[in-house]
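Below are my notes on the model, as numbered points. Please read them next to the sequence and the coordinates.

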Amino acid sequence: MSFFSKNLEYLRKSKYMSRSELAEKLNVNQSTISRWENEDMGVTVDNAYDVAQFFNVSMADLTGVDLTIKNSPPISKLDVLFNKTKNILNDDERAMIEATMERAIKKYEEEKNKNGDI
């Protein structure tokens, strides 16, 4: 399996995205994503660039490094859900969610401290 194919599948799954969701973001057909991942079809430089930009990785890493074993911090499902709000919520709504999350984390940490769990 080529690095591109393996990395595309890895990056897509790490973002908890279906092939159809990624295809929509990249303006290609779902079958194109499947064919790229299964090496049934080559990818153009322009499409590879779009994939690299979407996942915020370099073209060199996307096509020349096994990202499944490269050290990178895991992406939590909460990160994915919050990132999905980019196109749904406005800046004020996102700020409100961030503030709510920060208060919840602070309250959780205070409770743990009070109970001697930290």
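1. From the N terminus on, the order of elements in the protein is α-α-α-α-α-α-α. That gives seven helices and zero strands, where helices (H or I, at least four residues) and strands (E, at least two) are DSSP runs numbered from the N terminus.

2. On provenance: this is a predicted model, in which local features need pLDDT of at least 70 and side-chain atom pairs count only at pLDDT 80 or more, while totals for chains, interfaces and linings use all residues. Residues are numbered from 1 along each chain as its sequence is written, and side-chain values use heavy atoms, with hydrogens and water left out.

3. Overall dimensions. The radius of gyration of the protein is 18 Å, whereas a compact globule of 118 residues would have one near 13 Å. The radius is taken over C-alpha atoms, and the globule rule is 2.2 Å times the number of residues to the power 0.38. Along the principal axes, the C-alpha trace spans about 55 × 30 × 20 Å.

4. Burial and surface. Of the 118 residues, 25% are buried; buried means under 20% relative accessible area, exposed over 50%, and partly exposed in between (1.4 Å probe, protein chains only). The accessible surface comes to about 8,300 Å², and carbon and sulfur atoms hold 51% of that surface. Areas come from the Shrake-Rupley method with a 1.4 Å probe, and for residues only the protein chains shown count as cover.

5. Contacts in sequence. Among contacts with a separation of 6 or more, 55% are between residues 24 or more positions apart. A contact means heavy atoms within 4.5 Å.

6. Met59. This residue lies in helix H5 (residues 59–64). Met59 counts as partly exposed because its relative accessibility is 29%. Beyond its neighbours within four places in sequence, Met59 is in contact with Val45, Ala48, Tyr49, Ala52 and Gly64. Phe4 is 55 residues away along the chain, and the C-alpha atoms of Met59 and Phe4 are separated by 9.3 Å.

7. Charge. The protein carries 17 positive and 20 negative side chains, and the centres of the two sets lie 4 Å apart. Lys and Arg count as positive and Asp and Glu as negative, with His and the chain ends not counted. The place of a charge is NZ of Lys, CZ of Arg, CG of Asp or CD of Glu.

8. How many salt bridges does a search of the whole structure find? The search finds five, with a salt bridge defined as a side-chain nitrogen of Lys or Arg within 4 Å of a carboxyl oxygen of Asp or Glu. One of them joins Lys13 and Glu9 (2.9 Å, N to O). Lys13 and Glu9 are four residues apart in helix H1 (residues 3–14), so about one helical turn separates them. Lys13 is partly exposed at 47% relative accessibility, and Glu9 is partly exposed at 22%. Lys114 and Glu111 also meet in a salt bridge (3.3 Å, N to O). Because they are three residues apart in helix H7 (residues 91–114), about one helical turn separates Lys114 and Glu111. Lys114 is exposed, with a relative accessible area of 63%, while Glu111 is partly exposed at 36%. Salt bridges with shared partners also join Arg12, Arg19 and Glu37 into one network.

9. In the pair Arg12 and Glu37, the closest N and O atoms of the salt bridge are 2.6 Å apart. Arg12 lies in helix H1 and Glu37 in helix H3 (residues 30–37), so the pair ties together parts 25 residues apart in sequence. Arg12 and Glu37 are both buried.
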